[in-house]
Amino acid sequence: MGSAPATVGEIRRAQRADGPAAVLGIGTANPPTCVAQDDYPDYYFRVTSSEHLTDLKAKLTRICKKSGIKQRFMHLNEELLAANPDFTDRALPSLDARVDIASAAVPELAASAAAKAIAEWGRPATEITHLIFSTYSGARAPSADRRLASLLGLSPTVSRTMLNLHGCYGGGRSLQLAKELAENNRGARVLVACSEITLIAFYGPEGGCPDNILGQALFGDGAGAVIIGADPVSPVERPLFEMAFASQTTIPETEDAISMEITKGGMEYHISNQVPRLLGSNVERCLIDAFDALGVSAKWNDLFWAIHPGGRAILDHIEGVLGLDDGKLAASRHVLSQFGNMSGTTVIFVLDELRRRRAAKQEGEAPEEWGVVMAFGPGITIETMVLHAPGSLEGN
Ligand SMILES: CC(=O)CC(=O)SCCNC(=O)CCNC(=O)[C@H](O)C(C)(C)COP(=O)(O)OP(=O)(O)OC[C@H]1O[C@@H](n2cnc3c(N)ncnc32)[C@H](O)[C@@H]1OP(=O)(O)O
């Protein structure tokens with residue numbers, strides 16, 4: 001007689017991972033053109049032939065000075081702009097040309113970041129089981145996830161998910177989905193790729209359109225990739241962060257506070273000047289709920305922090321309401337200063353910077369055990385994830 005058939009419960013337990021999902025590799029990439037923030041107003045008004053709009057140039061200069069940004073990287077350079085002069089005028093139907101360029105450039109940038117994440121992970125790309133791709137530049141199918149899978153030589157059975165127009169919470173959303181996939185599919189190895197290029201939303205200045213001026217001061221291009229998996233295979237896989245808890249919260253009555261829309265002249269967006277205040281008054285509730293759910297009592301200054309640096313004022317508000325010590329948001333401020341707001345990608349750069357800073361801690365300086373990732377975007381949506389430094393989850 002054979003053994004008794006397994007119950008559905010036993011099958012489910014066998015299908016699920018034993019341990020929590022963990023970050024097993026991180027990679028980032030930027031296009032080659034780097035623009036200093038101090039030079040950007042001159043550059044932008046010159047290439048859009050708008051030097052006569054002196055008030056708007058003065059406004060952009062004021063915002064750039066207060067942005068906390070020193071430089072940004074961009075795929076769109078003067079050569080590309082010369083070949084596509086319609087990009088400077090939002091009234092002209094330039095979407096086709098923008099989508100053509102982005103359809104190639106977005107997955108290629110993602111592939112550069114992913115190659116670094118895969119190298120750190122240490123296993124072949126063909127062992128990736130799932131791919132989650134997030135971008136605001138996707139407007140075609142098959143889309144960037146399909147192209148990235150080809151560029152990296154992923155298996156034809158890789159299970160792909162595309163997230164479009166999640167804006168700045170795309171990175172946080174992708175990480176949460178990757179956690180769920182890794183924990184519910186034993187042996188799964190999930191590649192998260194976020195890739196954003198501002199070319200889709202570049203056009204000249206217009207009176208009465210302060211959102212565009214703000215966006216011109218804030219946004220930059222970049223790609224970030226993360227490999228996520230549970231039950232790391234020693235000694236090849238080394239967890240950088242364990243993902244202990246994740247949630248999404250929508251702030252009521254804020255549908256109009258951040259919006260993005262693809263139009264014939266490129267992507268238009270609106271960012272209310274209330275965003276820093278709205279986030280500042282809602283993040284603590286998300287954090288309290290997250291740590292309550294885990295049954296961990298946390299003092300905010302005892303945590304490590306990876307906050308999406310949507311703008312300098314957002315970081316200032318969050319620091320203020322949580323009473324964070326100077327330096328607690330250093331990884332976020334550093335990424336903002338060196339790359340600007342790369343939308344959904346930015347939080348991956350912050351995680352990368354954070355792990356470098358933690359590794360560089362001096363002997364005797366104990367790195368924090370628990371930490372938080374937060375990302376924000378249209379909705380207003382707040383993504384919250386609690387991370388745990390590897391090595392001490394068991395026994396807690
Ligand atoms: C796209 C996504 O999905 C998610 C995102 O990340 S969206 C982007 C989120 N980022 C933001 O919301 C930006 C947050 N704001 C900031 O960081 C800062 O307000 C700032 C750097 C823009 C300005 O710094 P500040 O200390 O507030 O300076 P302040 O002197 O008050 O304002 C400077 C100018 O910025 C303008 N400004 C501030 N917020 C603005 C907004 N949301 N839209 C347009 N203009 C804005 C002010 O009106 C002011 O203009 P004037 O100089 O003409 O009066």
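The structure is a predicted model, in which local features need pLDDT of at least 70, side-chain atom pairs count only at pLDDT 80 or more, and totals for chains, interfaces and linings use all residues. Residues are numbered from 1 along each chain as its sequence is written, and side-chain values use heavy atoms, with hydrogens and water left out.

The largest pocket holds about 880 Å³ of space. A pocket here is an open set of points on a 1 Å grid over the protein atoms alone, where a 1.4 Å probe fits and protein lies on both sides within 12 Å along at least five of seven lines; lining residues have an atom within 4 Å of a point. Grid points are joined across faces, edges and corners, and a volume is the space filled by probe spheres set on the points. The lining comprises 42 residues, and L214, G215, L218, I271 and G310 lie nearest the centre of the pocket. Because domain 1 (21-230) and domain 2 (241-388) both give residues to the lining, the largest pocket lies between them; the domain bounds come from an automatic or database domain assignment.

Several elements supply at least two residues each to this lining, among them α3 (54-66), β3 (71-74), α8 (210-218) and β10 (266-271). Helices (H or I, at least four residues) and strands (E, at least two) are DSSP runs, numbered from the N terminus. The largest share, six residues, comes from α8. By class, the lining has 23 nonpolar, 13 polar and six charged residues, where Ala, Val, Leu, Ile, Met, Phe, Trp, Tyr, Cys and Pro count as nonpolar, Asp, Glu, Lys and Arg as charged, and the others, Gly among them, as polar.

Helix α8 also contains N212. With a relative accessible area of 2%, N212 is buried, a term that means under 20% relative accessible area (1.4 Å probe, protein chains only). Leaving aside neighbours within four places in sequence, N212 is in contact (heavy atoms within 4.5 Å) with Y44, Y203, G204, P205 and Y269.

The second largest pocket has a volume of about 180 Å³. Its lining includes W305, A331, R357 and E368. At least two lining residues come from each of β11 (304-307), α12 (330-339) and α13 (346-359), and α13 gives the most, with three residues. This lining divides into six nonpolar, one polar and five charged residues.

Helix α12 has buried residues of its own: A331, S332, V335, L336, S337 and F339. What covers these buried residues includes β3, β11, α11 and α13. After α12 comes G340, whose phi is positive, near 75°.

C168 sits in the loop between β5 (159-164) and α7 (170-184) and counts as buried because its relative accessibility is 14%. Not counting residues up to four places away in sequence, C168 touches F219, H308, N341, S343, G344, A375, F376, G377 and P378.

T254 is placed in the loop between β8 (241-250) and β9. T254 is buried, with a relative accessible area of 4%, and touches L278, G379 and I380, not counting residues up to four places away in sequence. T254 and G229 are 25 residues apart in sequence and 34 Å apart in space, C-alpha to C-alpha.

Technical notes. Buried < 20%, exposed > 50% of the residue type's maximum accessible area, 1.4 Å probe, protein only.
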